[in-house]
Amino acid sequence: MGDKATKNKQRIKQIHTMLMEFASGNFAYKIERSDLDDDIEALTALVNMTFEEIKSSFLHQGYANLNETYKHLVQMFFVLDTKDTIIAFNTRIKQMLLFDDNELHDKDFSTFLTQDSKLAWSGLKSKLMSANLDTHEEFIALSFKTKQQLILTTSCLVSKFVDRINQSSERIVITSIEIIKNSSERENELRKLVTSGKDKMAKPSHASNKSKPLNLSFIDIRKIREVHDHIINNLDKPLAPLIELAHSFGTNEYKLKYGFKQLYGQTVFRFLINERLRKASVLIQHTDTSIKEVAHVTGFISAPHFSKAFKEKYGYTPRDLRKQSNENPDIKDTY
């Protein structure tokens with residue numbers, strides 16, 4: 001009975017830790033599930049599901065402005081030898097996993113993974129080492145266990161290369177990027193604005209007005225969000241001129257133009273293009289819809305125009321992505 005009570009106390013502590021992470025603005029973690037069938041496990045499932053929904057709303061529905069408070073990207077970077085031993089890593093890993101240097105260095109990489117990810121990693125590792133190439137890359141989603149026993153699931157690029165400096169030894173590099181909250185960065189930006197205030201005051205008033213953040217009311221924000229949702233729900237349709245779009249939602253062109261960028265970090269038109277391309281990447285990877293039809297349903301005037309915009313954003317064509325998805329059906333959408 002004592003062991004059960006201790007274990008339950010640890011499980012409740014994990015839920016508390018998750019809530020504290022949420023309170024600080026970090027949505028990257030989740031709690032590892034068990035095979036127990038009790039109230040605490042039901043609560044664990046509910047917390048994980050709720051956090052996933054909140055994260056999706058904040059990052060994809062526009063509640064969080066990635067150009068301000070959530071702009072900071074934390075990169076995890078491991079270098080392994082062929083025996084999976086960690087021989088190098090960047091210091092920011094400690095910010096995500098909370099382990100010290102001596103707890104990471106010379107340790108087996110797989111010990112920091114969940115059981116499911118250990119199996120996935122083993123399969124990918126075998127594939128990497130059997131590839132008859134000096135360099136080879138694969139994408140994989142891995143779930144790491146933090147020192148607090150939370151789960152951090154992230155998409156990783158795994159690369160194999162030959163270290164010719166070190167007797168031509170083979171090395172494996174694992175790279176991951178996560179979005180976290182970093183209020184100190186925003187504070188530094190505000191300090192810069194204060195120290196440069198005199199220079200900005202010397203500018204002509206019309207230039208100053210455009211660079212100065214708008215004082216948006218709750219009603220203004222609601223109307224701009226309605227425009228945001230309208231764009232999301234009508235990606236296949238042409239975008240009306242800004243002045244018409246603004247008037248149709250009860251605001252003016254100036255507030256829509258500069259307020260939208262203030263809230264979402266990009267212009268209305270750039271947001272539209274990015275959302276069209278994001279939807280297109282999902283359709284290409286997860287459906288059999290033809291490239292021409294994908295271009296049509298995402299609002300591009302032609303397949304060539306769509307392919308050009310897609311390559312400019314992602315670095316490869318829609319056909320390249322379709323081919324890669326067909327060859328690697330387990331790869332998840334990461335755009």
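Contact means heavy atoms within 4.5 Å. The exercises below use this term on a predicted model.

**Exercise 1.** Which residues of α9 meet which residues of α11, and how are the two helices oriented to each other?

Solution. 
1. Helix α9 covers residues 218–233 and helix α11 covers residues 253–264.
2. From α9, the residues in contact are Asp 220, Ile 221, Ile 224, Arg 225, Val 227, His 228 and Ile 231. Their counterparts in α11 are Lys 255, Leu 256, Gly 259, Phe 260, Leu 263 and Tyr 264.
3. By type, the residues of this contact are eight nonpolar, two polar and three charged.
4. The helices pack at an angle of about 80°, and their axes are 10 Å apart.
5. Angles of 65 to 115 degrees count as roughly perpendicular, and α9 and α11 are therefore roughly perpendicular to each other.

**Exercise 2.** Find the salt bridge between Lys 255 and Asp 220 and state which parts the pair ties together.

Solution. 
1. Side chains of opposite charge can pair when their charged atoms come close.
2. The side chains of Lys 255 and Asp 220 meet at 3.2 Å, N to O. A salt bridge requires a distance within 4 Å.
3. Lys 255 belongs to helix α11 and Asp 220 to helix α9, so the pair ties together parts 35 residues apart in sequence.

**Exercise 3.** Is Asp 220 buried or exposed?

Solution. 
1. Buried means under 20% relative accessible area.
2. Asp 220 has 10% relative accessibility, so Asp 220 counts as buried.

Conventions:
Residues numbered from 1 in each chain as written. Predicted model: local features only at pLDDT ≥ 70, side-chain atom pairs only at ≥ 80, totals over all residues. Heavy atoms only, no water. Axes fitted to C-alpha atoms, helices over the stretch in contact; angles between N-to-C directions. Helix = DSSP H or I, 4+ residues; strand = E, 2+ residues; numbered from the N terminus. Parallel < 35°, antiparallel > 145°, perpendicular 65-115°, else oblique. Nonpolar A, V, L, I, M, F, W, Y, C, P; charged D, E, K, R; others polar. Buried < 20%, exposed > 50% of the residue type's maximum accessible area, 1.4 Å probe, protein only.
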